[in-house]
Structures are given as C-alpha cells and as structure tokens.
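Subject: Structure handover

Hello,

Here is the structure I promised to pass on. Please open it alongside this message.

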Amino acid sequence: METLTELQWIFDVLTGCGLLWLAWSCLSSRNLHRAVVQFVSFGLLMSLAWVRLEAPDIALAEAAIGAGLTGALLMASLARLPLSGSADIRALKSAERIAGARLLQLLRNSLLFAFALFIIYAIFFLPPEFSGLREEVATEIENAGVRNPVTAVLLNFRGYDTFLELLVLLGALFGVRIVGMQPVRTSMTSEPVLNILASLLTPILILVAAYLLWIGTDGAGGAFQAGAVLGAGGVLLLLAGWRPARALMASPFRSLVLLGPLAFVFVAVLPLLSGRALLQYPPDSAGTLIVLLEIAATLSIGLTLCALFLNVSADDGEQP
Amino acid sequence: MTPTDWFTAMLLGLGTIFFIAGAVGLIRFPDTYTRLHIATKTDNVGLGLIVFGLAVQSGSWSVAGKLVLIWLLVMLAGASVAYLVANGAISRGIPVWKR
Amino acid sequence: MNALLPYTLTGVGLFCLGLHALLTHPHLLRKILAVNVMGSGVFLILVALAKRSDSPVPDPVPQALVITGIVVAVAATALALNLLLGLAASSGKAELAEDLDE
Amino acid sequence: MAPMILTLPWGVALIVMPVVGALACYLFRRAAKPLGLMTVTVTALSAAGLALRTTRADSYHHAVGGWGAPLGIELYADGLSVLMLVATAIVACAISFYAARFFDDKEQARFWPLWLLLLTAMNALFLSRDLFNMYVALELTGLAAVALTALTGSQDALSGAIRYLLATMLGSLAYLLGVVFIYHGYGTLDLAMLGQLVESNPVTWLALGLVSAGLALKTALFPLHFWLPPAHASATPPVSAALSALVVKTAFYVLLRFWLEIFPSEGAAPAQLFGLLGCAAVFWGGVQALRARRLKLLIAYSTVMQIGYLFIAFPLGILLAWHGALYLLLSHALAKAAMFLAAGNVLYYGGHDRIADLDHVAQRLPLTVAAFALAGVSIMGLPPSGGFVAKWLLIQASLDTGQWWWTVPILAGSLVAAAYVFKVVGFAFTQAEAPQEAKLVPVSMQWTALVLAVAAIALGLIAPWTLTWLDVGDPFSGAVSR
C-alpha cells in the first residue's frame with residue numbers, strides 16, 4: 001500500500017509538470033496551429049488530473065467540452081484566420097530588444113512570481129480540516145431526487161446557478177448571431193471516409209449521450225456531459241457536410257435551443273403557484289422533474305454547441 | 001497474485017511496450033505518412049492488449065463489453081483520422097519520404 | 001496536505017502562466033488560449049483544495065461549481081472567437097489597435 | 001391591495017419576466033419590439049412592487065429551491081439592492097423606448113433578446129447574496145454586454161468588444177479565484193454567513209486582493225480602465241448608455257457588498273489605495289475627456305472620471321460617505337444615460353459625433369442639447385441636481401472624518417467636468433465649417449433623453465426620502481461601526 005501511494009504521488013507530480021509544460025509550450029510556441037493542438041492535449045491531460053482528484057463528472061465534462069468542443073472551435077477559427085502564428089512571436093521578440101521594455105518585463109515577471117508565492121503562502125493558512133458543504137449535501141440528498149451528489153447540487157440545491165448558466169450559453173449564441181459570421185457556403189468536397197465515420201458514429205454518440213444522461217442520476221454523467229457528446233456528434237455531421245445537420249440549424253428547429261431554458265422557467269415558476277419557492281420541487285416528484293429538466297437541457301446544450309461551432313467554421317476545401 | 005493477475009500484468013506490460021514503441025516511432029520516423037502509420041498501428045494493438053487485460057479483471061460482462069466497445073471506437077476513429085490526415089497531407093503536396 | 005499539493009501548485013502555476021501570456025502576447029487567439037488556461041488553473045485549485053481532509057466522499061459542491069465554470073468558459077470562448085473572426089475579416093489583423101480618437 | 005403587494009414574489013418576477021421576454025423575442029423575431037417593450041414595462045412594475053414591499057415591510061428574502069443557505073441559494077433585497085433595481089428599471093425603460101425608435105427592423109430582432117438577457121443578469125446580480133451565483137450573474141452580464149457592444153459590427157465596435165470581453169473575463173477569473181479561497185477558508189458561499197465567520201489572516205487578504213482587483217478591472221477603476229473608452233465609445237448609443245449607466249455599476253455593487261459585509265475590518269490600507277486611485281481616475285478621466293474630439297469618447301472618459309468619485313468613499317468609510325457614493329451612482333446612471341442618448345440623437349441627426357463639426361445642433365435639436373446640458377449640470381454637481389447632493393455628502397463626510405484633503409479632487413473634478421460640458425455645448429451653438437445633410441430625429445428620442453436628464457436633476461430634490469429608503473435592512477451597518 002505504501003508503494004502504491006508513493007507511486008500515485010509520483011504520478012501526480014508528473015501529471016502536474018506535464019500540465020504546466022503543455023500550458024507553457026501552448027502559450028509560447030511559434031506556431032498557432034501547434035498551440036491549438038497542444039491546448040487540446042492540455043485539456044485531455046486535465047481530465048486525467050480530474051480522475052485523480054476523484055471528480056469523474058468533471059473529467060467527462062472537461063474531455064467533452066474543455067478539450068473536445070473548445071478544440072474544435074479553436075481549430076475551425078484558426079482555419080479562417082488570415083495570418084499564421086509565427087508573426088506575433090517575432091513581433092514580441094523584437095519588442096523585447098528595447099531596453100525599457102525589458103526592464104518592464106522583468107518587473108512584471110517578478111510581480112507575477114511574487115503573486116504566485118503569496119498564493120502558495122496563503123494556502124498554508126487554510127484550515128487543515130475541510131468538509132465544505134459535504135455534510136449538508138449528505139443529509140439532504142435523500143430529498144434531492146437523485147443519488148449522484150454532483151447532479152443533486154447542479155440541478156437541485158444550486159439549480160438556480162444552472163439556470164443562469166444555460167442563459168449564459170444562450171447569450172453566447174445570441175451574441176454569435178449578432179456578429180453574424182456566416183459560414184462560407186462552398187460546395188463540399190465529399191469525403192467518403194468522413195461520411196462513413198459520421199454515419200457510424202452519430203448513432204453511437206446519441207446512444208452515449210442518452211446513457212450519460214440516464215446514468216447521471218446515480219453516477220458520473222449528467223446533462224452537461226450528455227449535451228457535449230450530443231454537440232460533438234452534431235459537429236461531426238457538420239464536418240462531414242451532412243445537409244440535414246444544416247437544416248436542423250435553421251428555423252424552425254433553431255428554436256429547440258430554447259428548450260432547456262424554457263423547461264427551467266416552467267419548472268421554476270410552477271411551485272410558486274402553490275406557494276412554494278422558486279425551483280422548489282415537490283419532494284415525491286423531484287426525481288422525475290430533474291430527469292425532464294436534464295433531457296431538455298441536454299438537447300439545448302447539444303444544439304447550442306453545434307450552432308456555436310457552425311458559426312465559426314468554414315466549409316472544408318476553402319482553406320489555404 | 002492469482003494466475004489471472006499474472007495474465008493481466010503480462011497483457012498490460014505488452015500493451016505498454018506497444019505504446020512506447022509508437023511514441024518512439026512518432027518522434028523518430030521521417031515523414032507525416034510513416035508517423036501516422038506507426039502511431040495508429042501501435043495504438044490499436046496496444047490499446048487492444050490493455051483492454052483485454054482489464055476485461056479479464058473486470059469480472060462482469062457489461063464492463064468487459066464497454067471496454068471492448070471503447071477499443072472498437074478508438075480503432076474506427078484512429079483509422080479514419082489517419083486516412084483523413086494523410087489525405088489532407090497529400091492534397092497539400094507534402095512529399096513522401098524517400099531514402 | 002501532501003496528497004493535494006501537486007495539483008494545487010499546478011493550478012497556481014497555470015493561473016500565473018495564463019496571466020503572463022494574456023499580458024504579453026498581442027495575438028488575440030493566444031490571449032483566448034491564455035484565459036482558458038487561467039480558468040483551468042482556478043478550477044484545479046478549487047477541486048484540489050477540497051481534497052485536503054481524508055474523507056472517502058469528496059465535497060460535491062466544488063465539482064458542481066467547476067462544471068458550471070467549464071460551460072461558462074466555452075460560451076465565452078465561442079463568443080470571443082467569433083468577435084476575433086469578425087475583426088480579422090474586417091481589418092485583416094488579429095490584434096488590437098491602439099488609437100481610439102478619430 | 002396592500003397585503004397582496006406584500007406577499008407577491010416580486011424579486012422572482014424581476015428575474016423570470018425578462019428571461020421569458022428574451023426567449024419570446026428570439027422565438028418571434030418579427031414581434032421583438034412590442035414584446036420587448038412589454039417585458040421591460042412589466043419588469044419595471046415588478047421593481048416598483050418590490051420597492052413598495054420593502055418600504056412597507058422589511059428586506060426581501062427568498063430561498064430558491066427551499067433549501068436556504070449554505071446549501072442552496074438565497075435571494076435577498078435590502079434598501080441598497082432595491083435602489084439599484086429601481087435605477088436599473090428606470091434607465092432600462094428609457095433606453096428601451098429610445099431603442100424602439102433608434103434601430104431598424106433587422107437590428108431590433110438582434111437587440112432585444114440580448115438586452116433582456118442583460119436585464120435579467122443585472123437583476124439577478126442585485127438580488128443575489130451567494131458568491132458563486134454572483135459570478136455566474138457577472139459572467140452573464142459581461143457576455144451580454146460584450147455582444148451588445150458588437151451590435152453594429154463595425155471594426156471599431158468589434159475591436160472594442162473583444163478588448164472588453166478579455167478584460168471582463170480576466171476580472172471574473174480573478175474574482176472567482178478569490179471566491180475559491182473564501183470557500184476553502186470558511187466553507188460557505190453565503191454573504192451574510194461569511195460576514196460572521198471572516199477572520200484576519202493571509203487567506204482573507206488574498207481573497208480580498210483578488211476580488212477587489214478583479215472587480216476594479218470590471219468597474220474600470222484607473223489604471224484598469226483601458227478597456228472602457230473603446231468599448232463605450234464604439235458601441236451604438238443606446239447600448240453605450242446601458243454600459244455606462246448600468247453595467248459598470250454591477251461590478252461596483254458586488255465590490256461594495258464584499259466591502260460592507262465581508263471585509264469591513266480589513267479596511268484601512270486598501271481603502272486608502274482605492275481613494276488614491278479614485279482621485280487619479282478623476283483627474284485622468286477629466287483630462288482625457290477634455291482632449292477627446294468625439295462626443296461619445298468624451299462621455300466615455302467622463303464615465304472613467306465619475307467612477308473615480310465612487311472610490312473616494314472607501315477611505316472615508318462612514319455612513320454619509322456611502323450615501324454619497326450611492327447617490328453619485330444613481331445620479332450618474334440617469335445623467336450618463338441621458339448624455340449618451342443625446343449623443344445618439346446627434347449621431348442620428350448628422351451621421352457623426354465629431355465635436356468640432358457640430359453644426360447649429362442647439363437650434364435644430366433644442367431638446368437634445370437641453371438634455372445634454374441638464375445632464376451636464378448633474379455631472380458637474382451643481383445644485384439642485386442629484387450629483388450636487390452626492391458631492392455634498394462626500395465633502396461633508398471627508399470634513400467629518402478629518403480627511404479634508406479628499407475635498408480637493410471632488411471640487412477640482414467638478415471644474416473639469418464643467419469645462420468639458422461647456423466645450424460641447426459651445427460647439428453645439430456654432431456653425432460647422434462643412435455643412436452637412438441632416439436626418440430628422442424622432443421627437444420621442446429627444447424627449448427620452450430629456451426626461452432622463454430632468455430625472456437626474458430631480459433626484460436632488462427627493463434626496464431625504466431616497467436616503468431613508470436606502471437604509472431599509474441596514475446595508476451599511478457592517479462597515480459603519482468601524
């Protein structure tokens with residue numbers, strides 16, 4: 001047992017160093033394309049760290065959203081950016097040569113270093129025993145309607161946060177529509193392998209999303225992870241140039257992105273009519289209501305992520 | 001350690017060797033196409049060995065099934081992506097390595 | 001205390017690395033990457049510190065907060081990338097100009 | 001009627017109504033304008049209902065989900081929150097009626113969903129007393145505000161918006177890291193519970209530093225104001241009005257809450273720093289406003305300056321000073337919205353906002369220039385405006401605490417403000433070198449600006465009533481006992 005914990009410690013240190021190294025090289029590599037790839041690997045390593053921290057829910061969310069969809073968004077944007085990445089580093093290097101700039105840089109770096117040291121110093125003043133809200137969650141989980149404590153916090157105890165968070169996603173979508181970067185519609189060079197892959201994987205991804213949603217009440221998983229997987233399936237279809245996927249993004253299907261927020265509003269306001277508080281589920285139907293909310297939220301999140309991707313992506317084939 | 005454990009350990013060790021070989025190849029091989037080749041091939045075999053080793057330990061069909069499903073998915077994705085990357089490289093005119 | 005230190009320190013490191021890159025790099029895509037790295041650092045600290053007392057069940061609240069945070073981050077990133085693409089399409093540059101008055 | 005007013009969940013309505021409106025505007029984009037106007041009106045009525053309720057009874061509580069703190073999230077409104085909510089409602093109404101005329105049909109469909117989401121976010125923030133919930137509300141505010149900044153899609157607007165987005169994300173992350181340390185230090189996210197738990201130790205100092213720095217960046221306190229002028233000057237006028245009048249105040253509100261409830265005992269040195277930065281902001285913003293050649297940039301720098309005044313209250317720290325800061329915040333919200341809307345009229349009329357080329361605007365848009373001048377009176381702090389009451393309170397607070405030196409920037413700032421207001425008004429009467437074609441400005445747009453400006457003046461006349469109202473639920477009790 002002793003050697004196991006020691007091995008774990010070594011593993012943790014290696015993971016931490018790997019994360020720092022990937023972050024550093026992603027933020028300072030000469031080539032933007034490489035930076036994005038390194039960022040995706042960074043996200044994957046992060047989800048390994050989450051597993052080690054006994055946070056499987058976050059690990060799933062990070063792999064699907066943090067690495068997967070953010071990576072896809074970054075890649076798609078990079079393909080549309082006019083200039084390659086080496087220019088910015090070169091400009092930076094020439095600016096560094098000026099003496100005053102170097103002094104400023106030294107000052108800034110030492111300030112940052114002092115800041116980091118102070119954070120670490122403060123960590124040692126945290127109370128050594130920490131239970132946070134674990135006890136409170138444990139006593140109320142009986143009445144929460146679900147058994148996975150993370151899902152209970154997300155959809156019941158702090159469901160109001162989740163509601164606002166869905167609005168954040170929606171706000172991003174509205175904003176993206178405002179900027180109105182329409183995807184460049186060129187004729188697709190059809191890619192048979194991608195097509196086959198998409199048609200094979202999409203049903204599986206939908207199945208996985210449903211599974212994650214269903215398992216989320218008891219174990220790791222839930223609306224966000226499922227929504228992200230659904231979104232990934234949509235992104236795949238879009239990449240394969242699948243027409244119905246485009247049609248799904250158009251009206252009237254586009255109003256489906258409102259499903260999650262609408263379901264939340266409905267479930268939130270209903271208890272008010274019977275004199276209870278906002279989002280206060282009746283105890284015996286809490287589980288059902290949460291599942292309904294999660295289904296709506298999953299569809300909404302998946303479609304929103306797809307739509308966000310569609311707005312930054314250019315069709316393949318017009319890349320330089 | 002039971003015989004099953006030994007079996008698992010052997011498979012995991014073998015799988016790891018494949019992964020390491022793949023990583024070395026990725027660094028050492030001369031061009032995009034050969035790198036793709038080594039990376040996908042060793043990953044598929046290495047992951048297969050590891051999945052098999054873990055499936056033996058799991059003791060339940062549903063877990064073993066999920067592990068095998070993961071392997072199949074990775075193979076599917078790996079093969080397609082390798083093809084797509086290679087295709088992209090060709091269409092961009094990246095030359096094939098010649099001795 | 002020992003077990004949580006690697007990830008907490010990593011989190012602090014990531015926050016500062018991201019901050020450094022955000023302040024130094026002119027290219028907007030890199031700034032967006034930097035903000036994402038900073039966010040990962042904050043999330044890592046939040047969850048890693050929750051494990052400092054030995055308990056079989058970790059505190060679920062930080063985990064839920066981090067999931068919320070990840071979704072917020074991807075929303076902000078998508079908006080930022082869109083603005084960046086719009087700016088690049090109209091100005092041909094992916095950096096910020098300095099002069100305002102005119 | 002009275003008991004009904006006391007029992008209805010007004011606070012919840014303030015959050016749910018605009019959400020429903022935003023969704024409806026997105027769904028039925030043809031009808032976005034009437035739907036939006038209706039929603040804003042109903043939301044304003046809810047704010048009035050909540051205000052009535054708090055004056056009759058006491059502060060407002062609502063445990064969302066029925067769990068209560070620390071497990072759940074609680075909504076809470078005392079005099080401070082209600083005043084912010086009412087100010088938001090009034091300014092939002094004016095901006096909405098203005099926007100209904102200002103935008104064309106295509107822009108209407110884009111404007112309303114985001115504008116209503118922004119309204120939701122601000123209301124949610126003013127009602128929240130949970131630190132993480134405040135983070136989500138701040139992010140929603142920031143994202144919606146950034147998207148609205150980019151509404152015109154011009155290059156300036158996009159570049160201003162992305163700078164704004166990066167600044168607001170950085171501010172939020174610093175705030176969140178501070179909240180992380182608070183949670184790990186004290187095990188709760190509820191503001192009221194924290195007030196009783198907080199001790200003076202490095203964890204608290206770190207959290208204080210991170211939260212204050214992040215929120216100062218979001219409030220655009222000098223020298224962290226770099227993002228504000230480009231964003232506020234390049235956005236379309238109704239949006240600029242919302243950004244300057246309301247959005248920057250949200251971060252200030254959160255900072256004030258932290259300061260009043262969690263950090264009152266940590267005060268001395270950081271408070272002095274805030275005061276000094278505030279003075280610097282007054283001078284820097286004033287000078288830059290004087291130098292600006294475009295009207296909207298001038299008004300944006302004037303916002304940087306006025307934000308400086310808010311921070312002078314921190315070193316004073318007595319009830320009078322907080323009242324002064326709050327009063328300044330309110331009168332600035334009204335006056336600044338009036339100024340930006342007036343600038344919008346000028347822009348609509350002549351197609352540009354170069355100050356030197358304003359061509360007989362005073363004769364052609366008399367209501368607009370009157371609105372600008374009246375708003376200027378409040379910004380300068382002349383009696384009987386709201387700005388005058390605010391500055392009077394701040395000066396009296398600095399004399400009462402024996403820190404007379406703070407009166408210097410307060411008074412000098414007024415002179416600078418007078419200089420830039422007169423600069424604009426002066427050019428408004430003269431003829432421009434190049435005559436230009438003009439577009440007729442709808443009367444309702446002119447009147448909206450004027451009504452807001454008159455409200456800013458009238459705020460000075462109802463000061464005693466407003467100030468008692470501000471003390472419902474004793475929001476300042478924590479900080480004043482120091």
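The model is predicted: local features need pLDDT of at least 70, side-chain atom pairs count only at pLDDT 80 or more, and totals for chains, interfaces and linings use all residues. Residues are numbered from 1 along each chain as its sequence is written, and chains are lettered from A and ligands numbered from 1 in the order in which they are written.

Chain A

Chain A has 13 helices and zero strands. Helices (H or I, at least four residues) and strands (E, at least two) are DSSP runs, numbered from the N terminus. Of the 320 residues in chain A, 48% are buried. Buried means 20 or more other C-beta atoms within 10 Å of the residue's own, with C-beta atoms placed from the backbone. Now the contacts with a separation of 6 or more in chain A: 75% of them join residues 24 or more positions apart. Two residues are in contact if their C-beta atoms, placed from the backbone, lie within 7 Å.

Chain C against chain A

Chain C brings 63 residues to this contact and chain A brings 70 residues. On the chain C side, the elements giving two or more residues are α1 (5-24), α2 (28-49) and α3 (60-91). α3(C) gives the most, with 24 residues. By type, the chain C side splits into 42 nonpolar, 17 polar and four charged residues. Here Ala, Val, Leu, Ile, Met, Phe, Trp, Tyr, Cys and Pro count as nonpolar, Asp, Glu, Lys and Arg as charged, and the others, Gly among them, as polar.

Chain D against chain A

This contact takes 45 residues from chain D and 45 residues from chain A. Elements giving two or more residues on the chain D side include β1 (60-64), α5 (105-127) and α7 (155-186). The largest share, 10 residues, comes from α6(D). The chain D side holds 32 nonpolar, 11 polar and two charged residues.

Nonpolar cores

A nonpolar core is a set of buried Ala, Val, Leu, Ile, Met, Phe, Trp, Tyr and Cys residues joined through C-beta atoms within 7 Å. The largest one has 375 residues, and L79(C), A337(D) and A338(D) touch the most other members. Helix α14 (residues 319-350) of chain D gives the most to this core, with 23 residues. Beyond its neighbours within four places in sequence, A337(D) contacts V91(D), A94(D), I95(D), A241(D), A245(D) and L452(D). Another core, of six residues, lies apart from the largest one; its members include L11(B), L49(B), I50(B) and L67(B).

Best wishes

Note on methods. A residue is buried if 20 or more other C-beta atoms lie within 10 Å of its own, exposed if 12 or fewer, and partly exposed in between; C-beta atoms are placed from the backbone.
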